[in-house]
Number of protein chains: 2
Amino acid sequence: MPRKTEQSSTDFTHPTLDEGIEMLEKASRLTFRIFENSAGFLLNNTAGRLRLEMLRSFKFRGYTITPDQWVVLNAVAEHEGICQRDLAGKTLKDRPTVTRILDILEANRLIARRPGTDDRRMFKLYLTDEGKKNIETFNSIVSEIDRKAFGNLSEQEMSRFKKTLSKIMDNLEARHTLDES
Amino acid sequence: MPRKTEQSSTDFTHPTLDEGIEMLEKASRLTFRIFENSAGFLLNNTAGRLRLEMLRSFKFRGYTITPDQWVVLNAVAEHEGICQRDLAGKTLKDRPTVTRILDILEANRLIARRPGTDDRRMFKLYLTDEGKKNIETFNSIVSEIDRKAFGNLSEQEMSRFKKTLSKIMDNLEARHTLDES
DNA sequence: CTATAATTATTGTTATAACAACTAATTTGG
DNA sequence: CCAAATTAGTTGTTATAACAATAATTATAG
């Protein structure tokens, strides 16, 4: 059988930013039976591409933040003093995931954990000054991506699209409406 | 600050199968500004929920296969003798990812790598008998999930939904049409 | 009030994803 | 034909996700 790893000169195992597309262009040439009409496959890949676009844009602008870190950072920004459990609910991430994302954001001085006054099990979460300084930039980068991804969709198409996504979420019995009390 | 890990009796850090929803239900009570109207956030979470539904269904039925392994397995099934590079293109995964997923599928005896006759760098990929035996079961599980997720969408709604997803993919310059030559 | 249960957060494990770097093998260019 | 470039696949690193299990703390039951 083939070997275990060696090398050559130009392996483009991972597309970078703009070249990233090459690989995708290359091999997609046969015909799927199961996949070609699979909404799930298309849904998953579209979401993945959007995430990748965000990741690359951040990196391209010189920021190390990731899409998930961006989500958590924004959730903290919009609810300063929130605890990790509630943050998990808001971001639809589980608590270990939130813990680790916060570890990174804290190490990068974008957020701070402060002890909960009443309940010593909890942290209250806040943006640092650096977090506040950077979040606007991050959000403008994301806005650009949103324009690129969704800019040519009509209001109606966007509305229908989001409605369908919500319906699918409901079908899967997951909460997605981001407010309540 | 809070400590570094200890315990109690009932931590439900991760929702299991059916209870999984609880956490989501719990904390989503404030109001997002950035997220509440974000198609990207909704898109990403919906795709994630669908993946989770698959993962749990497989596990619930006693199978260890994951959604991504399922995708790769099906791609092999539909293109026996395909090489890893082309498989990466078909599944829209990068080559290291495909390598590692195949490692797992091979260890679980669902697929086999055979040396490429002409080019000794390449493997040709095939289902094993066990792979063939199980794939129908896997696919029927996925069909059930598709019915659950999309079953109450009309033909027109599904068609519009997929069209919009394709448009977004195009906007992001990624290939998603799974055939060509 | 104290033993038990419940809750918040953390850590460990495995899988996926992106990307860099690298090996073996093949192709190209001269 | 041989050196250089290319290609197929692998490995390493970091981040996210799911889930199990646990520590510290708080709430509840009796």
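**Helix 3 and helix 5, chain B**

I began with how helix 3 (residues 67–78) and helix 5 (residues 95–107) of chain B meet: their axes come within 10 Å and cross at roughly 90°. That makes helix 3 of chain B roughly perpendicular to helix 5 of chain B (the word covers angles of 65 to 115 degrees). Axes here are lines fitted to C-alpha atoms over the stretch in contact, with angles from 0 to 180 degrees between N-to-C directions.

**Ground rules**

This is a predicted model, where local features need pLDDT of at least 70, side-chain atom pairs count only at pLDDT 80 or more, and totals for chains, interfaces and linings use all residues. Residues are numbered from 1 along each chain as its sequence is written, while chains are lettered from A and ligands numbered from 1 in the order in which they are written. Helices are DSSP runs (H or I, at least four residues), as are strands (E, at least two), numbered from the N terminus.

**Helix 6, chain B**

I checked helix 6 (residues 129–150) of chain B next: its 22 residues reach 32 Å from first C-alpha to last, close to the 32 Å expected at 1.5 Å a residue (1.5 Å times one less than the number of residues). I also found a kink of about 30° centred on B:Ile135, the bend being the angle between axes fitted to the seven residues ending there and the seven starting there. Buried residues of this helix include B:Phe138, B:Val142 and B:Ile145 (buried is 20 or more other C-beta atoms within 10 Å, exposed 12 or fewer, partly exposed in between).

**Two positive phi values**

Most residues other than glycine have a negative phi, which made me look at two exceptions. A:Arg109 has phi near 65°; its loop joins helix 5 (95–107) and strand 1 (111–115) of chain A. B:Leu92 has phi of about 60°, in the loop between helix 4 (84–91) and helix 5 of chain B. Which is buried and which exposed? A:Arg109 is exposed, with 12 other C-beta atoms within 10 Å, whereas B:Leu92 is buried, with 23.

**A:Pro67**

A:Pro67 counts as buried because 20 C-beta neighbours lie inside 10 Å.

Technical notes:
Parallel < 35°, antiparallel > 145°, perpendicular 65-115°, else oblique.
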